Amino acid sequence: MQHKKLYRIYFTEFNDENFENIVKILKDKYNSQVNVIKSNVIDEFRAIELYLDSDSYLGEIKNLITSLTGSQYVRVDFIDTTR
């Protein structure tokens, strides 16, 4: 199934266990499918696609990932391909 609306979340996480915990928290909190994208160049650079139809979670998701990673270098984009 091709998703037309999603959040793409970019961040760095050096610990694989912490990363898996972040994925689990996102799945549980938003009851949504998650797609993991790993960089081919830098293993620690990660992106997660979180499939949600509403664009109202942008700040909430960024704050959640920032608190879980301890990093201020988190980017969250809402992508809507229906427009």
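**Helix α2 and its surroundings**

Helix α2 has 12 residues and spans 17 Å from first C-alpha to last, close to the 16 Å expected at 1.5 Å a residue; the expected span is 1.5 Å times one less than the number of residues. Helices here are DSSP runs of H or I, at least four residues, and strands are runs of E, at least two, numbered from the N terminus. This is a predicted model, where local features need pLDDT of at least 70, side-chain atom pairs count only at pLDDT 80 or more, and totals for chains, interfaces and linings use all residues. Residues are numbered from 1 along each chain as its sequence is written, and side-chain values use heavy atoms, with hydrogens and water left out.

Ile61, Leu64, Ile65, Thr66 and Thr69 of α2 are buried, meaning under 20% relative accessible area with a 1.4 Å probe, protein chains only. The buried residues of α2 pack against β1 (5-12), α1, β3 (45-50) and β4 (75-80).

Now the partner helix. Ile22, Ile25, Leu26, Lys29 and Tyr30 in α1 meet Glu60, Ile61, Leu64, Ile65, Leu68 and Thr69 in α2, where contact means heavy atoms within 4.5 Å.

Just after α2, glycine 70 has a positive phi of about 75 degrees.

Last, the loop between α1 and β2 (34-38), where serine 32 lies. Is serine 32 buried or exposed? Serine 32 is buried, at a relative accessible area of 12%. Leaving aside neighbours within four places in sequence, serine 32 contacts Lys27, Leu50, Tyr51 and Leu52.

Definitions and conventions: Buried < 20%, exposed > 50% of the residue type's maximum accessible area, 1.4 Å probe, protein only.
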